[in-house]
Amino acid sequence: MNDIGTCGGGGWTLVMKLDGNKNTFTYDSALWKNERTYAKQDGLEGISEKESKLASYCNTPFTKICLGMSRNGERKWMTLNYAASSLYSVIADGQFRATTAGRATWKSLIAGSSLQYQCNREGFNVKFNGNSAMRIGIVANNEVNCGTCDSWLGFSTAYVNDGGAWTNRMVCGNKAGCCSPDNGSKTLVSFGYILVQ
């Protein structure tokens, strides 16, 4: 692929497309942890709004990631500088890996997005709130620590309930609950794209 919004040009390779209105790519989905493809033909269409996971998830080394979100017909992009042998190698083991894009860059993915002001932990396999996690994104809190975050923006977030099951899943988008988020309470579901270079 060539030029992709604010990610720029230089030959991007599509890895995944995630529909925030479906449960295909929930946090606990085996698709994050295995090497199987999903809806390959829909991935080969390029930047369409059809979910897919391509072999590039497991076999494409990269130094940059282009993340996109589409909501109400508006598609926005951001870039992460991060080097790895594949996205699978970064995510499948569940280990937290920090990124440094910054809160403003994450918020640029969705118009009108909202986050609390503190914590701002971002990266891959972000753990927060004691029993919560996200595959890729940023979490924020009204307190300085990350122990009680009520807002996040990213890909595949879930809570663990008292019985140990994942619940309150959001596959792609922005959620800001209580406690003074910067743009009010929000639940903004989007369609997501992950590309590497």
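This is a predicted model: local features need pLDDT of at least 70, side-chain atom pairs count only at pLDDT 80 or more; totals for chains, interfaces and linings use all residues.
**View B. The aromatic pair of Tyr82 and Phe124.** The ring centres of Tyr82 and Phe124 are 5.0 Å apart and the planes stand at 65 degrees, so this pair is edge-to-face. Tyr82 belongs to strand S4 (residues 74-84) and Phe124 to strand S6 (residues 118-128); the pair thus links distant parts of the chain, 42 residues apart. Tyr82 and Phe124 are both buried.

**View C. Arg135 over the ring of Tyr27.** The charged end of Arg135 is placed over the Tyr27 ring, at 3.8 Å from the ring centre.

**View D. The disulfide of Cys7 and Cys66.** This bond is one of three disulfides in the structure. The sulfur atoms of Cys7 and Cys66 are 2.1 Å apart, and the disulfide is right-handed because the torsion about its S-S bond is about 90 degrees. Cys7 lies in the segment before strand S1 (13-19) and Cys66 in strand S3 (residues 62-71), so the bond ties together parts separated by 59 residues in sequence. Cys7 counts as buried at 10% relative accessibility, and Cys66 is buried at 0%.

View E. Cys119 is joined to Cys146 with an S to S distance of 1.9 Å, and the link is right-handed, with 105 degrees about the S-S bond. Cys119 lies in strand S6, whereas Cys146 lies in the loop between strand S7 (132-141) and strand S8 (151-160), so parts 27 residues apart in sequence are tied together. Cys146 is buried, with a relative accessible area of 15%. Cys149 takes part in no disulfide, and its nearest cysteine sulfur, that of Cys119, is 3.8 Å away. Cys149 counts as buried at 0% relative accessibility.

**View F. The disulfide of Cys178 and Cys179.** The sulfur atoms of Cys178 and Cys179 lie 2.4 Å apart. The torsion about their S-S bond is about -65 degrees, and the disulfide is therefore left-handed. Cys178 is partly exposed at 41% relative accessibility, as is Cys179 at 31%. With the bonded cysteines numbered in sequence order, the pairing along the chain is 1-2, 3-4, 5-6.

Note on methods
Residues are numbered from 1 along each chain as its sequence is written. Side-chain values use heavy atoms; hydrogens and water are left out. Rings of Phe, Tyr and Trp (its six-membered ring) pair if their centres lie within 6.5 Å; planes under 30 degrees apart count as stacked, over 60 as edge-to-face and the rest as tilted. Helices (H or I, at least four residues) and strands (E, at least two) are DSSP runs, numbered from the N terminus. Buried means under 20% relative accessible area, exposed over 50%, partly exposed in between (1.4 Å probe, protein chains only). A charge sits over a ring if NZ of Lys or CZ of Arg is within 6 Å of the ring centre and within 35 degrees of the ring normal. A disulfide is a pair of cysteine sulfur atoms within 2.5 Å.
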